Amino acid sequence: MKDNAKPQRPQSRGLSAVWQARLAMLVMINVAQLWILSAAVEAALAQTYSQLAPLVIASGICWLIALSIFLWWRPAGEGGRRY
Amino acid sequence: MNSKAFHQETIKKILAVDNEISDEVNVRTATAPFQAEFPYERDSEAQVTRREFCNFLFLTSSALFLGAAGFAGKSAYDARSPKIFTPAKIDGAMSIEPGSALNFVYPSEEDTAILIRGIDGTYAAFGQKCTHLSCPVYYSQATDRLECPCHNGGFSPKTGEVLYGPPPRPLDKIELETINGEIFAVKREVRDNEG
């Protein structure tokens, strides 16, 4: 019973993995948004305005995913601890 | 020791272990006296905590979204704002030699245009922004074409139609009128692929 109560390895390793995953996802989202921004600039310069709305919506979806990662996708049991 | 006290003790131990193995504790703490005035060391200057990096990435995401939305909004607003065309005299148009060109603006200062006098003496005017990525086109006397130097696009100097290259549609057409021996621009038309 006592052995089960103690963690077999430092808990921070699991938390670090979650943190790395969050950062990796945010980096990928930033890369996608950078591509979307360049596509929007190109569409505006070419005066193909019909492409602008889908690109802005896609960028907004990416931002919402980033917001959810930033606010809610936290390691279970992290609580108020700071890393 | 009761169960609640045992769990609290366990949590304290875990936290203590975390603080020992974490590489992100006290990275911002100034220790040397000079750091009060210049609180960075060369080694620690490059260190960024995961939380700071996460904040930075989220702020970058927000900035990219706002940038895309703002750029698209401004472009759409500019495109929808009505253009008022009033006849404008093109200064110096009558003095250009056949087979040469003259740059001017119409209808506003931002709308650059190019007036071409063909070898046969006829005049034609088009918007100077390439329809690919808005680079300025120029008249090549050697090839008798309007050429875009950015991505090698080519346009007809008589009709503004695409001859080759990546531009997707013809140049904006500017209608000309001759009034009292002077050349006036009277209208600017954005054309699609059908011309």
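I take two strands as paired if DSSP finds at least two bridges between them. With that in hand I opened the model, which is a predicted one.

**Entry 1: the ends of chain B's strand series**

I started with β1 of chain B, residues 88-89. This strand pairs with β10(B) in the antiparallel sense, over two bridges.

Next I checked β9(B), residues 173-179. β9(B) is also antiparallel to β10(B), and seven bridges join them. Here B:I174 stands opposite B:R188 in β10(B). The two strands make a hairpin, with two residues between them. In the turn I noted B:N180, whose phi is positive, about 55 degrees.

**Entry 2: the four-stranded sheet**

I then traced an open sheet in chain B. Its order is β5-β6-β7-β8, and the pairing is antiparallel. Which strands stand at the edges? They are β5 (138-140) and β8 (162-164) of chain B; each has a single partner strand, so one side of each lacks a neighbour in the sheet. On average, neighbouring strands of this sheet are turned by 40 degrees against each other, direction ignored.

I looked at one pair within the sheet. β6 (residues 145-148) and β7 (residues 153-155) of chain B run antiparallel and share three bridges. Across them, B:L146 faces B:F155 of β7(B).

**Entry 3: B:E147**

I stopped at B:E147, which sits in strand β6 of chain B. Is B:E147 buried or exposed? B:E147 counts as buried, because 20 C-beta neighbours lie inside 10 Å. The cut-off for a buried residue is 20 or more.

I listed its contacts, leaving aside neighbours within four places in sequence. B:E147 touches B:V137, B:Y138, B:S140 and B:G154. I also took one distance: the C-alpha atoms of B:E147 and B:P157 are 9.4 Å apart, for a separation of 10 residues along the chain.

**Entry 4: the nonpolar cores**

I went on to the largest nonpolar core, which has 21 residues. B:A113, B:I114, B:L115, B:A125 and B:F126 touch the most other members. Several strands of chain B each supply at least two residues: β2 (100-105), β3 (112-117), β4 (123-127), β6 and β10 (182-189). β3(B) gives the most, four residues.

Not counting residues up to four places away in sequence, B:L115 touches B:I90, B:A93, B:A101, B:L102, B:F104, B:Y123 and B:A125.

**Entry 5: the chains overall**

Chain B has three helices and 10 strands. Its elements run α-α-α-β-β-β-β-β-β-β-β-β-β from the N terminus on. Chain B has 195 residues, and 21% of them are buried. I also checked the reach of its contacts: among those between residues at least 6 apart in sequence, 35% join residues at least 24 apart.

Chain A has three helices and zero strands, in the order α-α-α from the N terminus. Of its 83 residues, 22% count as buried.

The mean pLDDT of chain A is 81, and 72% of its residues reach 70 or more. Where in chain A is confidence lowest? Helix α1 of chain A (residues 2-5) has the lowest, at a mean of 53. Helix α3 of chain A (residues 52-71) has the highest, at 94.

Notes. Residues are numbered from 1 along each chain as its sequence is written. Chains are lettered from A and ligands numbered from 1 in the order in which they are written. This is a predicted model: local features need pLDDT of at least 70, side-chain atom pairs count only at pLDDT 80 or more; totals for chains, interfaces and linings use all residues. Axes are lines fitted to C-alpha atoms, for helices over the stretch in contact, and angles run from 0 to 180 degrees between N-to-C directions. pLDDT is the predictor's confidence in each residue, from 0 to 100. A residue is buried if 20 or more other C-beta atoms lie within 10 Å of its own, exposed if 12 or fewer, and partly exposed in between; C-beta atoms are placed from the backbone. A nonpolar core is a set of buried Ala, Val, Leu, Ile, Met, Phe, Trp, Tyr and Cys residues joined through C-beta atoms within 7 Å. Two residues are in contact if their C-beta atoms, placed from the backbone, lie within 7 Å.
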